[in-house]
Amino acid sequence: MAKLYPDLCIGVTGLNANDNPGPGIAVIRALKEGLGNDVKIIGLAYESLEPGIYMNHLVDKTYQIPYPTAGIAALTERLAHIHDKEKLTLIIPNFDAELHNFIKIAPQLQQMGIRTCLPSLAQLQVRDKTNLYQFGKENNFYVPADHKLFSTSDLEKATDELSFPLVIKGKFYEAYIAYTMDVALKAFHQLGTAWGYPVIAQQHIKGTEINIAALGDGRGQNMSIVPMRKLYITDKGKAWAGVTIEDDALINLANDFAKATNWRGGYELEIMRDADGKLFILEINPRFPAWIYLAAAAGQNQPLALVKMALGEDVLPFTDYETGKLFIRHSWDQVVNIADFQKMSAFGEL
Amino acid sequence: MIRIKKNIATSENGFIFNPATGDSFSGNGMASEILLAMKNGQQDVQIKQDILLKYEVSAEQLDRDWEDWIVQLKEANLLETE
């Protein structure tokens, strides 16, 4: 039988399937389910211990790429080298911290023949943690009040105004709920060192945690929206189990977001529903979430739709999904030959 | 009339799932029987009458238990609001 997409080769980042997983493996799983053996998956990894590198049933080959701090020239050069060998059709970046660089070099990638389906830099900025409150204010979304923290004196001001408990958040990742100044200070220093400044202090909202995975078409519409209620939450605040739910208010919220931003590509709204039913946006992640395979399992394969969009196909918006579909994450000790690890570490490819 | 939300999923073994919130509950056989009757649109009076015929319980006790049951359903967000 002829292949639907001949020579389709997709580069995917976010292979760190650990306790704070990157979305890469879930994205690949959805792609494999939608495309079968029609697709070759090239893993793009930052470190030799990212578990996805060694998942041969999902990833055909992996190349190490430079950290975002190395800049766009280093990234472009590395991707050109990989493209030369693999003939990449498309790249799906899955880390917040790398998106800026990928968006910047998207035109050069396009010239090389590598497609992407990404938001613009302006769209990326507008939902940034440091701009989220303002964005909410301007577009009538409930967003918890916050303070940007550059120094410990900023933290004192934040606690005076927002009072405890507070959520102390890293610029890109991680968050801690602080009930005392000691804990808040520790989190401030820890997150500032790990992810840079500002650290964000956000008002703590009590309620039910819901996430929405969606795919924007870049013209103010969503191609897909799947809400998920977190059922089991790890100490890092990550969903370890969740269930798809149906609620028009959540669908409307995602549609309002797409309309307000003209978002292009995958994104995730992290929502807290308070006791009055108000939907607070805690964060907006500019890429697919790590639980994105649940959306595919519930009937809306967002990574596959993104690939079709990137290939210029006319994609119809999904209209239905199965509610009551659960995911329950688990950990798995993958056994790897030292030779493979050595190869990845020494040569940056496997 | 007290009505159970239309989209609430129930099973014969008493499992109840609210797809709007993601909440799930485990009920006993009695709970699933009453929920099924409510989902089928039976009136409270009719359901209570069936229970009185089927089980050894006084009307007063049943009324008290029924009130408690409705409070639980409300708390679990399983009833239509209007």
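Reply: Two strands pair if DSSP finds at least two bridges between them. The model before us is predicted. Strands of a sheet pair through backbone hydrogen bonds, either parallel or antiparallel. In β14(A), A:Phe327 is the bridge partner of A:Gly242. The pairing of β11(A) with β14(A) is antiparallel and has three bridges.

Me: In what order do the strands of the open sheet in chain A lie?

Reply: The six strands follow the order β13-β12-β9-β10-β11-β14 in chain A, with antiparallel pairing. β13 (279-285) and β14 (326-328) of chain A each have a single partner strand, so they stand at the edges and one side of each lacks a neighbour in the sheet. From one strand to the next, the twist averages 30°.

Me: How many bridges join β9 and β12 of chain A?

Reply: Strand β9 (residues 208-217) and strand β12 (residues 264-273) of chain A pair over 10 bridges, in the antiparallel sense. One residue pair to locate is A:Ala214 with its bridge partner in β12(A), A:Tyr267. Helix α10 (residues 302-310) of chain A packs on the sheet and touches β9, β10 (222-233) and β12 of chain A. The direction of α10 makes about 20° with that of β9(A).

Me: Turning to helices, at what angle do the axes of α2 and α3 of chain A cross?

Reply: One reads the angle, then the handedness, then the residues in contact. The axes of helix α2 (residues 72-86) and helix α3 (residues 96-112) of chain A come within 10 Å and cross at roughly 35°. The crossing of α2(A) and α3(A) is right-handed. On α2(A), the contact is made by A:Ile72, A:Leu75, A:Thr76, A:Leu79, A:Ala80 and A:His83; on α3(A), by A:Asn101, A:Lys104, A:Ile105, A:Gln108, A:Leu109 and A:Met112. By class, seven residues of this contact are nonpolar, four polar and one charged.

Me: Which residues of helix α1 in chain B are buried?

Reply: In helix α1 (residues 29-39) of chain B, the buried residues are B:Ile34, B:Leu35 and B:Met38. They lie on the same side of α1(B), because they cover an arc of only 100° around the axis. The buried residues of α1(B) pack against β1 (9-10), β2 (15-18) and α2 (44-54) of chain B. Just after α1(B), B:Gly41 has a positive phi of about 85°.

Me: Why does B:Leu79 count as partly exposed?

Reply: A residue is buried with 20 or more other C-beta atoms within 10 Å of its own, and exposed with 12 or fewer. B:Leu79 has 16 C-beta neighbours inside 10 Å, and therefore counts as partly exposed. B:Leu79 lies in the segment after α3 (59-75) of chain B. B:Leu79 and B:Ile2 are 77 residues apart along the chain, and their C-alpha atoms are separated by 7.3 Å.

Me: How many residues of chain B are in contact with chain A?

Reply: Seven residues of chain B are in contact with eight residues of chain A. The side of chain B that touches chain A has four nonpolar residues, three polar and no charged.

Conventions
Residues are numbered from 1 along each chain as its sequence is written. Chains are lettered from A and ligands numbered from 1 in the order in which they are written. This is a predicted model: local features need pLDDT of at least 70, side-chain atom pairs count only at pLDDT 80 or more; totals for chains, interfaces and linings use all residues. Two residues are in contact if their C-beta atoms, placed from the backbone, lie within 7 Å. Ala, Val, Leu, Ile, Met, Phe, Trp, Tyr, Cys and Pro count as nonpolar, Asp, Glu, Lys and Arg as charged, and the others, Gly among them, as polar. Axes are lines fitted to C-alpha atoms, for helices over the stretch in contact, and angles run from 0 to 180 degrees between N-to-C directions. Helices (H or I, at least four residues) and strands (E, at least two) are DSSP runs, numbered from the N terminus. A crossing is left-handed if the near helix is turned anticlockwise from the far one by less than a right angle, and right-handed if clockwise. The arc is that of the directions from the helix axis to the C-beta atoms.
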